[in-house]
Amino acid sequence: MASKPQIGVCYYPEHWPETLWQDDARRMAALGISCVRIGEFAWSRLEPARGQQDFEWLGRAIDILHAAGLRVILGTPTATPPKWLVDEMPDMLPVDEHGHVIGFGSRRHYCFSHRGFHAECERIVTDLAERFGQHPAVVGWQIDNEYACHNTTRNWSQASLLAFRQWLKHRYGTIAALNAAWGNVFWSMEYNDFQSIDLPALAPTENNPAHRMDFYRFSSDQVIQFNRLQAQILRKHSPGRDLIHNFMGRTLSFDHYEMGGDLDISSWDSYPLGFLEDRSDAPAGWRQRFARAGDPDFQAFHHDLYRSTSNGRWWVMEQQPGPVNWAHHNPAPRDGMIRLWTLEAFAHGAEVVSYFRWRQVPFGQEQMHAGLLRPDGVEAQAFHAAAAVVEDLEKLDFSGDGPADAAIILDYTSAWAWEIQPQGADFDYFRLLFDHYRALRRRGLSVDILPPDTADLSAYKVVLVPGLFAWNAALLSALENHAGAVLVGPRSGSKTTEFQIPGGLPPNLPTNLLDVTVAQSESLRADCPIGVSGSDGRIRFWREFLEVGAAGETVLASDDGKPLLVHQQNRFYLGGWPDDVLLDVVIERLCATAGLETLSLPDGLRIRRRGEYLFAFNYGETAIDLDAVGLSGALLFGENALPPSGVAVLEV
Ligand code: GAL
């Protein structure tokens, strides 16, 4: 997509006196904002009580934004059902694994399977779409808000239980098939009918992993169905408008690729400092170094993931504007970082970066959360950052974004599987993928993140498949036909889709692909890594004991003499979780096999190619000499001695 990127903002007219709206719209337009997202939490103002609707104020707000030349993304308000509705049907509230009802008083307080709540959502979404669906200012809809946020995907309510039994019946047909798939002969867990199956919950020890896995699959499906319900209504009454959802960071509890099929645009909410505080596995020293900058790879990882969940069209719907209110600590971004984050999103292909929020609100849970304006309406840090971005955009002429150099397969079911059966306290799927992603970026590579059923990998020189739960036919044939370098493992192909160990043992691949068998695996304490011969790298958290067949060649072994990295034509199998040093060695070897040139970037420096531009971003605290790290080309803007928070664009 070669259109000019734009900036947007999230706005809550219902929080402010109507006398301010006109001036707000004027100031937004003057700043260079083009899109405004509104309405996603306004249910109690749209329907103050059963049978009473007031859409007039929203109509006036949309008209004012329209008159100022702004385009509107209208939110459906289903993430915040009002109190009167909850009181009418209290069994719509979610229930946690321990049977506690999650009550009213914040947001996302609903069960995805509750039929009565579905009907209420259908009603209000239909009414809103009929009223505003053809408004010339309304160019898109945001459906609900941040599914899964606050840990809300999985529900142990009665509605969920009934729906789960039906879902199982549909999946297995007979109870005998379910018993066989789950292996219920183990510990006498066999069922006589679907009605006797409960949701996996508190039991003397762990639940059957296959039972849990199906519950996680079911829960993901419930989110998809709930979203689809609204998507169908909006498509009908508001044709030609983009359907969008705002995903979250490090959120793997439902299948975002599947939801992407019902959307036009994937978006996500990027809070670099909050995420570094709350969602990072990085050591304390790293988090301290980047406390005001954010992790140099975390934003990019999600940009690359969400780009692939809806065929390339994606936005940042909420961009951190300053201190947030919800992390362990909430520092202010270093000057320059808000601009850097915004330009980085554009470098990864974002169409729009929209700041959260227009003005800091003086009441409610988020009163300590910054906005572009202070509560008194004076311009805050992010306002100036947004103005700088508008100037930057004048200098750039974005061309299309082709495939990256390298690809990583990311699979949601693998995340569920290893959450259910980590087999060692540190085995976390996101962390495994993120380690691999970071290693590719350290080598200066641009990365695409791909779904597990990708059928064609031919655009990529290097493909990584770490930690994949189970193979599927499309990916197997893509690997078979792939001429580039491929890295499989650790733990990939170690289960069947029924959550059983495959008959031929992992990695469960034909010997013409990889002639290697995982005879046994072990998990390792963090303080018990295993050395690798001829390298300073080590295996941590997870190690496999490999048997190598005639077609495979061991190219790296552990200090205790066991095969670790096996090579066969263009393919490699890695039998352990590599630390960063070992990952660099392995990635270098893959790139050499594929004829791909690499760099060795310092921690704070990251780059991305987009068309003819090479963007360089300095997350670090000291200036970095771009020439010295091998980056040369005509500088379109930025300096060769790239300062902290600096962005340079080279023409290549
Ligand atoms: C997001 C959410 C917004 C707001 C924001 C605060 O997760 O979508 O509504 O709460 O966080 O950072």
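**Entry 1. Two helices**

I began with helix α12 (residues 298-309) and helix α16 (residues 429-442), whose axes come within 10 Å and cross at roughly 100°. I noted that this is a predicted model. Angles from 65 to 115 degrees count as roughly perpendicular. I therefore wrote down α12 and α16 as roughly perpendicular to each other.

Next I looked up which residues make the contact. On the α12 side I found F298, A300, F301, H302 and D304. On the α16 side I found F430, L433, F434, Y437 and R441. I sorted the residues of this contact by type and got seven nonpolar, one polar and two charged.

**Entry 2. A sheet of four strands**

I then turned to an open sheet with the strand order β20-β21-β25-β23 and antiparallel pairing. Which strands are at the edges? They are β20 (605-610) and β23 (634-637), and each of these pairs on one side only. From one strand to the next I read an average twist of 30°.

I also looked for a helix packed on this sheet and found α13 (residues 337-347). Helix α13 touches β20, β21, β23 and β25 (647-651). I noted that the direction of α13 makes about 150° with that of β21.

I went through the strand pairs in the order of the sheet.

- β20 and β21 (residues 613-618) run antiparallel and are joined by six bridges. As an example I picked R606, whose bridge partner in β21 is F617.
- β21 and β25 also run antiparallel, with five bridges between them. Here I picked F615, which has V649 in β25 as its bridge partner.
- β25 and β23 pair in the antiparallel sense over three bridges. Here I picked A634, which stands opposite E651 in β25.

I checked how much of β25 is covered. Four of the five residues of β25 are buried, so I recorded the strand as largely enclosed by the rest of the structure.

**Entry 3. Cysteines**

How many disulfides does the structure hold? I counted zero. I wanted a reason, and looked at two cysteines, C10 and C111.

For a disulfide, the two sulfur atoms have to lie within 2.5 Å of each other. The cysteine sulfur closest to that of C10 belongs to C35, and it is 11 Å away, which is too far for a bond. For C111 the closest cysteine sulfur is in C121, also at 11 Å, and again too far for a bond.

I then asked about cover: is C10 buried or exposed? C10 has 0% relative accessibility, so I put it down as buried. C111 is likewise buried, at 0% relative accessibility.

I found D515 in the loop between β12 (485-488) and β13 (516-523). The relative accessible area of D515 is 15%. Buried means under 20%, so I listed D515 as buried.

What does D515 touch, leaving out residues up to four places away in sequence? I listed E547, V548, G549, A550, A551, G552 and Q568. I took E547 for a distance check: D515 and E547 are 32 residues apart in sequence, and 8.6 Å apart in space from C-alpha to C-alpha.

I noted two cis peptide bonds. One joins F356 and R357, with omega at about 5°. R357 has its place in the loop between β8 (352-355) and α14 (381-395). Another cis bond runs from G489 to P490, with omega near 0°. P490 is in the loop between β12 and β13, and I had already placed D515 in that loop.

I then noted two residues with positive phi. W187 is not a glycine, yet its phi is near 55°. I located W187 in the loop between α7 (175-182) and α8 (209-237). With a relative accessible area of 57%, W187 is exposed.

Q423 is not a glycine either, and its phi is positive at about 65°. I located Q423 in the loop between α15 (412-420) and α16. This brought me back to α16, one of the helices of my first entry. The relative accessible area of Q423 is 47%, and I recorded it as partly exposed.

Note on methods:
Residues numbered from 1 in each chain as written. Predicted model: local features only at pLDDT ≥ 70, side-chain atom pairs only at ≥ 80, totals over all residues. Heavy atoms only, no water. Buried < 20%, exposed > 50% of the residue type's maximum accessible area, 1.4 Å probe, protein only. Pairing = 2+ DSSP bridges. Axes fitted to C-alpha atoms, helices over the stretch in contact; angles between N-to-C directions. Contact = heavy atoms within 4.5 Å. Parallel < 35°, antiparallel > 145°, perpendicular 65-115°, else oblique. Nonpolar A, V, L, I, M, F, W, Y, C, P; charged D, E, K, R; others polar.
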